[in-house]
Amino acid sequence: MKNKNGISIFQKYLSVWVIICMVIGVLLGRFLPQVPEFLNRFEYARVSVPMAILIWLMIYPMMMKVDFQSVKNVGKNPKGLFVTWVTNWLIKPVSMYGIASLFFFVVFKAFITPDLATEYLAGAVLLGAAPCTAMVFVWSTLTNGNPAYTVVQVATNDLIILFAFMPIVKFLLGVSSVEVPWDTLILSVVLFVVIPLAAGLITRMIVTKRRGKTYFENTFTKKFDGITTVGLLLTLVLIFAFQGNTILDNPLHIVLIAVPLIVQTFLVFAIAYLACKLLKLPHDIAAPAGMIGASNFFELAVAVAIALFGTTSPAALATTVGVLTEVPVMLFLVSIANKTKKYF
């Protein structure tokens, strides 16, 4: 169900559902620890099989919505796309690393041990290296963004993820003295990007060929909305079940992790949005350009954090806090974009 602005009730109150999932997960981990312990037995190459299944349920429907045919229109709004690419892949990962390092190792030094700070930084880096895919359509709609531009924007970013995500993560985590095996990182990208991307593309081609594009976009993809929601909520419950003791021992850390993530979100939005203003781009290009860099592909970040560091790791907790802060912060940025439309 969506309101008049095009955002579903679930999306609007995502932070509320995350908090509910946190409570359920923490209680589950505290009073029924046998459940997470049993699920932890099902691993392959350090990847939790139950978590992988749930994450596929989240990511696969998103990938179906990406129209790679739109890439042929890449030359129609080149300035806006250059802003998106430079912000997402050159500025955002580095600024996330810098801001997270500043807060975890300097500002919050009295509250976070160096080891925890290193893992929280790793989770933040994973968020910074994964720009938004699905939710950017929502943010674009709420700011009356150009739909055609947004589709090209998302499609090209999903293609860039295939090649840029691994080396960026490897480099920034290496700078942080975090050992990340190439084979585990490659396996994570294959599992959580390549396979769902290919499956989504094949599904889109088959269904569109048989029933047409209108049926696919207006009817077929809608059938998966509930599955995506269930997959996300169950994933969050399990993560918080695995993280139960950590959260109970360090409840303040949720807030401490959230602070640099929120600061980073505002900074990246401001950079992309003001760059579009300086380039004299229309508001319906500037708004989605700012939104895609500001928001994160948190599903991918959570998946890779779990694969690299485990379900009970502080890195996985940090990426999950990214889910908690995403919607309220982005809705605030939507409000800013709409109120400043007159300046474009």
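# Surface, cavities and a pocket in a predicted chain

User: What does the accessible surface of the chain come to?

Analyst: The chain has about 14,900 Å² of accessible surface, and 69% of that belongs to carbon and sulfur atoms. The areas come from the Shrake-Rupley method with a 1.4 Å probe, and for residues only the protein chains shown count as cover. This is a predicted model, where local features need pLDDT of at least 70, side-chain atom pairs count only at pLDDT 80 or more, and totals for chains, interfaces and linings use all residues. Residues are numbered from 1 along each chain as its sequence is written, and side-chain values use heavy atoms, with hydrogens and water left out.

User: OK. How many helices and strands are in the chain?

Analyst: The chain has 16 helices and two strands. Both are DSSP runs numbered from the N terminus: helices are H or I with at least four residues, strands are E with at least two.

User: Why does 19 Å agree with a compact globule?

Analyst: Because a compact globule of 344 residues would have a radius of gyration near 20 Å, and the chain has 19 Å. The radius is taken over C-alpha atoms, and the globule rule is 2.2 Å times the number of residues to the power 0.38. The C-alpha atoms fill a box of roughly 50 × 45 × 40 Å along the principal axes.

User: What share of the residues is buried?

Analyst: Buried residues make up 55% of the 344. Buried means under 20% relative accessible area, exposed over 50%, and partly exposed in between, using a 1.4 Å probe and protein chains only.

User: Switching to holes. How many cavities of 30 Å³ or more are there?

Analyst: The count is two. On a 1 Å grid over the protein atoms alone, a cavity is a set of points where a 1.4 Å probe fits but cannot get out; a pocket is an open set with protein on both sides within 12 Å along at least five of seven lines; lining residues have an atom within 4 Å of a point. Grid points are joined across faces, edges and corners, and a volume is the space filled by probe spheres set on the points.

User: Which helix gives the largest share of the lining of the largest cavity?

Analyst: H16 does, with five residues. Helix H13 (252–278) and helix H16 (314–339) each supply at least two. This cavity has a volume of about 70 Å³, and its lining includes Met96, Leu261 and Thr325. By class, the lining has five nonpolar, five polar and one charged residues. Ala, Val, Leu, Ile, Met, Phe, Trp, Tyr, Cys and Pro count as nonpolar, Asp, Glu, Lys and Arg as charged, and the others, Gly among them, as polar.

User: And what is the volume of the second largest cavity?

Analyst: About 40 Å³. Helix H11 (225–242) gives the largest share of its lining, four residues. That lining has seven nonpolar, one polar and one charged residues.

User: What about the second largest pocket, how much space lies in it?

Analyst: About 160 Å³. Among its lining residues are Asp67, Arg204 and Lys213, and helix H9 (residues 182–211) supplies four, the largest share.

User: Last one: is Ala258 buried or exposed?

Analyst: Ala258 counts as buried, because its relative accessibility is 11%. Ala258 lies in helix H13. Leaving out residues up to four places away in sequence, Ala258 touches Val321 and Thr325, where contact means heavy atoms within 4.5 Å. Thr325 also lines the largest cavity.
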